[in-house]
Amino acid sequence: MPELPEVEAARRAIEEHCLGKKITRCSAAADPKVIDGVSPSDLESSLVGKTILAALRKGKNLWLRLDSPPFPTFQFGMTGAIYIKGVAVTKYKRSAVSSTDEWPSKYSKVFIELDDGLELSFTDKRRFAKVRFLEDPESVPPISELGPDALNEPMQINEFMDSLSKKKIAIKALLLDQSYISGIGNWVADEVLYQARIHPLQIASSLSRESCESLHRCIKEVIQYAIEVDADSSHFPIEWLFHFRWGKKFGKVNGKKIDFITVGGRTSAYVPELQKLKGNQSKKVTQSKPRKAKSNKNNHDQEESDSEEEESKEDPKSKKSETAPGGTKKRQKKINDADDNGEKPQKPTKGRTKKQADMAVNSSNKRIKSGQASAPQKKKARK
């Protein structure tokens, strides 16, 4: 999903091209999953005639400060993106809308035209983004619940070390916690841990002073460099893990093998040869067997699946219950199918193959049709 560098690139593009201009036309999609808490017509009528004074950001959230409230806010979700017609704005890998698509794109959720003719659009292909209209965005969730921004409000090294010493959680999971530090997502977390030579499962409180200092430095360097190149990954240093974490180059970076594990519910890329568990953790590793990079497509699909699950956790309303309490998806499907057909679902059979179970059912049905009762049924009849 778009992380701090991508959202900051969008903010800077708006700041450079849109400030001081009046909104003359606006259209919002009739998509209540994305347009949250305000009707499209109210959003449109409230924006027209307003002047954009500033573009602000905290973590992965961006909002426009107008000449009077309320203000539109954009939570980018998995594939949210800002487009400005005729202006190159960096997109996240899977956010991009084809340049040959209609304008505004069919994925556009909010379209704005300014008084000088400039047009911008907020798009979302996967519909996990949120567009809200708020009087004071910083005073209400989700922005009010965010930790210090990784770029604009970095912790001092002593404060950082002290906070880590109190966290009994895997360092990768902690970095993804937006209430701890806001703006760091999956690829940034993997990159800074790789460069700091820290295993993603290393417990934060067990990090040495040297590791804490290295991590603090790498967070700053990775984010600042990514922003300097407007989050254009083609300009990231070739030795960065970023270029190889998607299953490219046979799963190796600088000749060293990349493995994939799940940390904090997310697929995590790391280099076992360089990122080793230290201290007591090196003796009692409880992680699941690493998943090797099979193909570029498979890793992209896994990353999207994990991201979608993470977004669903952040927005419970968007996640539909797939199974009944106490049942697996397969078991629930059998029950649903049986219900649809007016049948009574069969209980799982133990110690028999499916073929044997089917034969037993068929035999029972034949006896019933021929008027023959089973042994238990005869006993019941005699009683």
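**A walk through the sheet, the cores and a hairpin**

Contact here means heavy atoms within 4.5 Å, and angles run from 0 to 180 degrees between N-to-C directions, with axes fitted as lines to C-alpha atoms (for helices, over the stretch in contact). The helix and strand labels are DSSP runs numbered from the N terminus, with helices being H or I of at least four residues and strands E of at least two. Helix α2 (residues 40–47) also packs on the sheet, where it touches β1 and β6, and its direction makes about 170° with that of β1.

Before going on, a word on what you're looking at. This is a predicted model, in which local features need pLDDT of at least 70 and side-chain atom pairs count only at pLDDT 80 or more, while totals for chains, interfaces and linings use all residues. Residues are numbered from 1 along each chain as its sequence is written, and side-chain values use heavy atoms, with hydrogens and water left out.

Back to the sheet itself. It is open, with four strands in the order β1-β6-β7-β5 and antiparallel pairing; two strands count as paired if DSSP finds at least two bridges between them. The edges belong to β1 (23–28) and β5 (80–84), each with a single partner strand, so one side of each has no neighbour in the sheet. On average, neighbouring strands are turned by 10° against each other, direction ignored. Five bridges hold β5 and β7 (residues 119–124) in their antiparallel pairing, and G80 stands opposite D124 in β7.

α1 has a helical partner too. The axes of α1 (residues 4–18) and α6 come within 9 Å and cross at roughly 40°. The crossing is right-handed, meaning that the near helix is turned clockwise from the far one by less than a right angle. On the α1 side, L4, P5, E8 and R12 meet I223, A226 and I227 of α6.

That brings us to the inside. A nonpolar core is a set of buried Ala, Val, Leu, Ile, Met, Phe, Trp, Tyr and Cys residues joined through side-chain atoms within 4.5 Å; buried means under 20% relative accessible area, exposed over 50%, and partly exposed in between, using a 1.4 Å probe and protein chains only. The largest such core has 35 residues, and L164, I171, L175, I184, V192 and L215 have the most contacts inside it. At least two residues each come from α3 (157–164), α4 (171–176), α5 (186–196) and α6 (209–228), with α6 giving the largest share, eight residues. Leaving aside neighbours within four places in sequence, V192 is in contact with L175, L215, C218, I219 and V222. Apart from this core lies another, of 33 residues, among them V38, L47, L64 and I82.

Finally, the hairpin. β11 (residues 259–263) and β12 run antiparallel, joined by five bridges, with V263 paired to R266. Two residues sit between the strands, and G264 in the turn has a positive phi of about 60°. In a regular strand, side chains alternate between the two faces of the sheet. In β12 (residues 266–270), five of five residues are buried: R266, S268 and Y270 on one side, T267 and A269 on the other. T267 has 4% relative accessibility, and its C-alpha is 8.1 Å from that of N186, 81 residues apart in sequence.
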